[in-house]
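User: I would like to go through this model and ask, for each label, what stands behind it. Could you set the values against the definitions as we go?

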Amino acid sequence: VQLQASGGGLVQPGGSLRLSCAVSGRIFGINVMAWYRQAPGKQRELVATIASSGRANYADSVKGRFTISRDNAKNTVYLQMNSLKPEDTAVYYCNGDISASPVYRADYWGQGTQVTVSS
């Protein structure tokens, strides 16, 4: 199982970006998917999660600005980020609780994509 994150870049404050995370490989089922971020000198923090049902949860710092979604047919999760602030600058990682078979389930990480918010 592999997770491939993309969509990061440099954006001005107030701008928008959409991150994507595509899951590939031997997939029996994709359970909870999540986005985390890690800013320089800080611990990795949870940004948003989305269950297989589509129910989403967000960190207080991004509520109302970020939207997590998933396309189960494409095995892809997205993070739409609006009204970006300099403090959103970080490496963003996708994470998945994925079943490769009916009896094997594990936690997987993507490689990270850099988001820089600066004027």
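This is a predicted model: local features need pLDDT of at least 70, side-chain atom pairs count only at pLDDT 80 or more; totals for chains, interfaces and linings use all residues.

User: What makes strands E1 and E3 a pair?

Analyst: Two strands pair if DSSP finds at least two bridges between them. Strand E1, residues 2-6, is joined to strand E3, residues 17-24, by five bridges, and the two run antiparallel; with five bridges set against a cut-off of at least two, E1 and E3 therefore count as paired.

User: Which strand pairs with E3 over six bridges, and in which sense?

Analyst: That strand is E8, residues 76-81, and the sense of its pairing with E3 is antiparallel. Within this pairing, Cys21 has Val77 in E8 as its bridge partner.

User: How many helices and strands does the protein have?

Analyst: The count is zero helices and eleven strands, and the pattern read along the sequence is accordingly β-β-β-β-β-β-β-β-β-β-β.

User: Why is the protein called as compact as a globular protein of its length?

Analyst: The radius of gyration is 14 Å, and the globule rule gives 14 Å for 119 residues, so the protein is as compact as a globular protein of that length. The box filled by its C-alpha atoms, taken along the principal axes, is roughly 50 × 25 × 25 Å.

User: Why does Asp88 count as buried?

Analyst: Buried means under 20% relative accessible area, and Asp88 has 0% relative accessibility, so Asp88 counts as buried. The residue is placed in the loop between E8 and strand E9, residues 90-101. Across the whole protein, 44% of the 119 residues count as buried.

User: Which residues are in contact with Asp88, if its neighbours within four places in sequence are left aside?

Analyst: They are Arg37, Arg65, Phe66, Ser83, Val115 and Val117, where contact means heavy atoms within 4.5 Å. As for Gly14, which is 74 residues from Asp88 along the chain, the C-alpha atoms of the two are separated by 11 Å.

User: What share of the contacts with a separation of 6 or more comes from residues 24 or more positions apart?

Analyst: Such residues account for 54% of those contacts in the protein.

User: How many positive and negative side chains are there, and how far apart are the centres of the two sets?

Analyst: There are 12 positive and 7 negative side chains, with the centres of the two sets lying 4 Å apart. The accessible surface comes to about 6300 Å², and 47% of this belongs to carbon and sulfur atoms.

Methods:
Residues are numbered from 1 along each chain as its sequence is written. Side-chain values use heavy atoms; hydrogens and water are left out. Helices (H or I, at least four residues) and strands (E, at least two) are DSSP runs, numbered from the N terminus. The radius of gyration is taken over C-alpha atoms; the globule rule is 2.2 Å times the number of residues to the power 0.38. Buried means under 20% relative accessible area, exposed over 50%, partly exposed in between (1.4 Å probe, protein chains only). Accessible areas come from the Shrake-Rupley method with a 1.4 Å probe; for residues, only the protein chains shown count as cover. Lys and Arg count as positive and Asp and Glu as negative; His and the chain ends are not counted. The place of a charge is taken as NZ of Lys, CZ of Arg, CG of Asp or CD of Glu.
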